[in-house]
Amino acid sequence: MLLVSILASSLTVRVGLPLLLVFLGMGMLAGEEGIGRLAFDNPNLAFFVGNLALAIILLDGGMRTKTSTFRVALWHSFSLATLGVVFTTAAVGSFAAWLLDVKLIYGLLLGAIVGSTDAAAVFNLLRNSGVSLNERVGGTLEIESGANDPMAILLVVMLTGLLQSTDHLSVLAFLGQMLQQFAIGGIVGLLGGKLLLLVLRKVPLVEGLYALLIISFGLAVFSGVNIVGGSGFLAVYLVGLTVGNGRIKQLEAISQVMDGLAWLAQAGMFLLLGLLVTPSSLLTHGFEAVAIAAFLIFIARPVAVMICLLPFDFRWPERLYISWVGLRGAVPIVLALYPVIAGLTNAELLFEITFTVVLISLLLQGSTVPWMARWLKVVVPPAPAPTTRFSLIDDVNSHHTLELYEFLVQAESVRIPAAIVQNVPSETVSTPQLVALVRDQKPIVVNTETALKSGDRIWMLLHPEDVNDVAQIFSQQSSGSFLLQNFLANLPFVAMRHYWISPRCMAFHWKASVKVILPQSW
């Protein structure tokens, strides 16, 4: 199933469908009513695997989220992750109770199940859609999807418990549990991330074991926080965020392994959830499910987003795009297993409608994520970045760490300054150095008259803090030779106002916070 799904994913990319839909559909095809005829009816196993996979996905998503994103999108995301889920639950719950002719509490339970966006779907589609969003919009969507699970889980658990007992809902008890979930998950997640960073820096391991250490540590935090009554999902996300933004050895190699493990988790989870559902049962309440999905996508989610983002300075196209990328995925399906495991009346109805809502969301919203971004004009030019990077000095506490970067030249008529071509002092570890220039897959000899062409690949030794500025030089957004000459050749004259001397080199600081270490001979 996994093999066929991966091979089929290449076709899915070309037609613009979400990759996760392939795994879900493959599970349904392999099920008891599909060509595979595999009988699978174990909601407890699906629930366990779903939670395990979501923890791994959130861990990987946190590692790929920059702390700068939190600085610009934290409060917007927190508003959507709390009040947004409550508003969506209330709106969808009221509509579903009226449409399905069930008690209001069952409608609210369905609203809570589909009230949160799915981290796996959001992370996957935003990073593989081919469009680049500004940091505030993209960060708001990613942080919201990673942080709204505690609120949704709390609502589902409390409503399920109320249906199993005769107790009345206490607002104070609800607020207390919500505070406990966020407080324990947040504190343990941040402390756990700091501890894991310390372990990664101090404990020598075989390179392939670092990613497994992160996975096992994250799952230990996830389960431990759940046991003591906190939000394991929030905790594991913060562990990933802390580790991903800390300077550790072999970060690129770890990220590649983590990416593969996250894909395996997503694929396994969606295949198993596809196996669990009976396709014919989805047609029993197909009209009601479509109506609830339409109400969620076009009314409940947009209204909740508009209310939650009202105090913040977002443009209307940005608000509309955030409301559109309210993707539902594995999280609602896993939450729909709570009433099934509890043995509630109408549990099967809630699960079937949830599954249909997820299918419609992935098909309609998931396939139009890049198109809507361009139509609403929220796309920004992609940030220039090196195509390849290798760490050469692993001392994470060193201020003279160098890394080898490969840049793809997109700007025309850029010349390499003579200072970089001729001056490569071996005694200065932190000097920016040109290593090689590759054109048409062949290395060429570089001199002071060499002009870079679009498509060239240039390898340079750089301090990590200077990478973004150098990448900007070689991109189409640069002003070509002028930027390069001023950045590398004329920098000593620009920086005369502020400098300091060290025993081996002189470091000039430019007003744009670009630091270049130059030899004393300059």
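Predicted model: local features only at pLDDT ≥ 70, side-chain atom pairs only at ≥ 80, totals over all residues.
Let's start with the whole chain. It has 522 residues, and 53% of them are buried. On secondary structure, the count is 22 helices and ten strands. If you take the contacts with a separation of 6 or more, 76% of them link residues 24 or more positions apart. And for those of you who think in surfaces, the accessible area is about 23600 Å², with carbon and sulfur atoms contributing 64% of that.

Now, helix pairs. Two packed helices are described by the angle between their axes and the distance between the axes. So I'll give you both for each pair.

First up, α4 and α5. Helix α4 covers residues 67–100, helix α5 covers residues 104–113, and their axes come within 7 Å, crossing at roughly 130 degrees. How do we class that? Angles over 145 would count as roughly antiparallel and 65 to 115 as roughly perpendicular, so α4 and α5 end up oblique to each other. The crossing is right-handed. Who makes the contact? On the α4 side we have Thr 89, Ala 90, Val 92, Gly 93, Ser 94, Ala 96, Ala 97 and Leu 100, and α5 brings in Leu 104, Gly 107, Leu 108, Leu 110, Gly 111 and Ala 112. Sorted by type, that contact of α4 with α5 has nine nonpolar residues, five polar ones and no charged ones.

Next pair: α10, residues 209–227, and α12, residues 251–276. Here the axes sit 8 Å apart and the packing angle is about 55 degrees. That makes α10 and α12 oblique to each other as well. α10 passes α12 in a right-handed crossing. The residues touching are Tyr 210, Ala 211, Leu 212, Ile 214 and Ile 215 from α10, against Ile 254, Val 257, Met 258 and Leu 261 from α12.

Is Thr 242 buried or exposed? The cut-off for buried is under 20% relative accessible area, and Thr 242 comes in at 12%, so Thr 242 counts as buried. What does Thr 242 touch, if we skip residues up to four places away in sequence? The neighbours are Leu 190, Gly 193, Lys 194 and Leu 197.

That's what I have, thanks.

Definitions and conventions
Residues numbered from 1 in each chain as written. Heavy atoms only, no water. Helix = DSSP H or I, 4+ residues; strand = E, 2+ residues; numbered from the N terminus. Buried < 20%, exposed > 50% of the residue type's maximum accessible area, 1.4 Å probe, protein only. Contact = heavy atoms within 4.5 Å. Areas by Shrake-Rupley, 256 points an atom, 1.4 Å probe, with all protein chains shown as cover. Axes fitted to C-alpha atoms, helices over the stretch in contact; angles between N-to-C directions. Parallel < 35°, antiparallel > 145°, perpendicular 65-115°, else oblique. Left-handed = near helix turned anticlockwise from the far one by under 90°. Nonpolar A, V, L, I, M, F, W, Y, C, P; charged D, E, K, R; others polar.
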